[in-house]
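Please consult it together with the model shown here.

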Amino acid sequence: MIVAVSKLAFVHTSHVLIPLFSKLAAEIIPEIEVIHLTDESLIRNTISAQRLTKTTIRRMVSAIGSAHEAGAAAVMVTCSSIGAGVSVARMLYDFPVFRVDEPMAKVAVETGRRIGVAATLRTTLDPTIELIRQTACDENRKIEITPSLAEGAFEAVLAGDTDRHDALLIQALNDLLPKVDVVVLAQASMARVIPKVASKGGASILSSPELAVRNARNVLLGSAEPAFAH
C-alpha cells in the first residue's frame, strides 16, 4: 500500500530517542514532516508489571490516536517493549501504524540461522525473541536464537551513568558475536554502541531505527520493497 502523507508521528517511551529519529527522518524522508510524542509511563509500567498489560496497550493505542488527531497520517511506535500492542492499533485504525522492530526482524531471519538477541531489559528481550520466532515461522525459516541480557546496564543509564551502560552492553555483545551469524539489538537506544563493538567472527549487528525509517519511506512514498504497516 502506498499512502500519500505529509506528517509522520513517532511515539516514544523515552525522550532520549527523539534526536536519533529526528536525524534519521531528516536524512531518509526529508519530504515528510515529523512530530514526536513521549510517554515514559508506558515503559515504566511495563517494567513494573514485567509484561505488557492490557491497560498499557489501551494507553498506547490512545497515544497513537492522539498523534493522528494532531495531524499525523502515519505513526511509528519506537519502543520494542510495547511493540506487541501495535497489532491492536492496526485493527482499530485505518492509517499506517509501524512497529519499529519488524523490518529488523525480517532482515535478521534472512541474514543467518543463528540469531543473537541482545537487550538491557527483560521486558524488551522476550517480545523481540517472540517477534523473530514469528517472523521466521511466517517465512518458513529454521533459526536458533541465543539471548543476551546485559545485566545492570539499564539501571546504570537510569542513574545517569551512560559510560557504565555502554561498557556492560559492549561486553555482552563481544561475548555474543562469536556464537551467532547475526545479532539483533532489541532496543533502539542501543544502536549508538555499534561503532564501539569489536568485530567477532564476521557476525553482523542489526539495530531497528534506520531500518524502520527506511521501511516507513517505502510505505509512505512508494517502493517495491516489502513493508510493515498493517
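At 48% relative accessibility, R44 counts as partly exposed, because partly exposed denotes the range between buried (under 20% relative accessible area) and exposed (over 50%), with a 1.4 Å probe and protein chains only. The model is predicted: local features need pLDDT of at least 70, side-chain atom pairs count only at pLDDT 80 or more, and totals for chains, interfaces and linings use all residues. Residues are numbered from 1 along each chain as its sequence is written, and side-chain values use heavy atoms, with hydrogens and water left out.

**Salt bridges**

The side chain of R44 meets that of E40 in a salt bridge, at 3.9 Å from N to O; the term requires a side-chain nitrogen of Lys or Arg within 4 Å of a carboxyl oxygen of Asp or Glu. E40 is partly exposed, with 31% relative accessibility. In total, the structure holds 15 salt bridges.

| Pair | N to O distance |
|---|---|
| R44 and E40 | 3.9 Å |
| R114 and D181 | 3.0 Å |
| D166 and K196 | 3.3 Å |

R114 and D181 form a salt bridge through their side chains. R114 belongs to strand β5 (residues 114–119), whereas D181 sits in the loop between α8 (162–176) and β7 (182–185), so the pair ties together parts that are 67 residues apart in sequence. Helices (H or I, at least four residues) and strands (E, at least two) are DSSP runs, numbered from the N terminus. R114 is partly exposed at 28% relative accessibility, and D181 is partly exposed with a relative accessible area of 28%.

D166 pairs with K196 in a salt bridge. This pair also links distant parts of the chain: D166 is in helix α8 and K196 in the loop between β7 and β8 (204–206), 30 residues apart. D166 counts as buried, at 5% relative accessibility.

**Helix packing**

Helix α1 (residues 18–28) packs against helix α9 (residues 208–221) at an angle of about 40°, and their axes lie 10 Å apart. This makes α1 oblique to α9, because angles under 35 degrees count as roughly parallel, over 145 as roughly antiparallel, 65 to 115 as roughly perpendicular and the rest as oblique. Axes are lines fitted to C-alpha atoms, for helices over the stretch in contact, and angles run from 0 to 180 degrees between N-to-C directions.

The crossing of α1 and α9 is right-handed. A crossing is right-handed if the near helix is turned clockwise from the far one by less than a right angle, and left-handed if anticlockwise. On α1 the contact involves L20, F21, L24, A25 and I28, and on α9 it involves P209, E210, V213, R214 and R217; contact means heavy atoms within 4.5 Å. Sorted by class, the contact of α1 with α9 has 7 nonpolar, no polar and 3 charged residues. Ala, Val, Leu, Ile, Met, Phe, Trp, Tyr, Cys and Pro count as nonpolar, Asp, Glu, Lys and Arg as charged, and the others, Gly among them, as polar.

For helix α2 (residues 41–49) and helix α3 (residues 54–69), the axes come within 10 Å and cross at roughly 170°. α2 is therefore roughly antiparallel to α3. The crossing of these helices, α2 and α3, is left-handed. S41, L42, N45 and T46 of α2 meet T56, R59 and M60 of α3, and the residues of this contact of α2 with α3 comprise 2 nonpolar, 4 polar and 1 charged.

**Selected residues**

A136 is placed in helix α6 (residues 122–138) and is buried, with a relative accessible area of 1%. Leaving aside neighbours within four places in sequence, A136 is in contact with V109, R141 and I143. The C-alpha atoms of A136 and A70, 66 residues apart along the chain, are separated by 36 Å.

H165 lies in helix α8 and counts as buried at 5% relative accessibility. Not counting residues up to four places away in sequence, H165 touches T120, A153, F154, A156, V157 and R192.

S207 occupies the loop between β8 and α9. S207 is buried, with a relative accessible area of 16%. Apart from neighbours within four places in sequence, S207 is in contact with M104, L185, A191 and I194.
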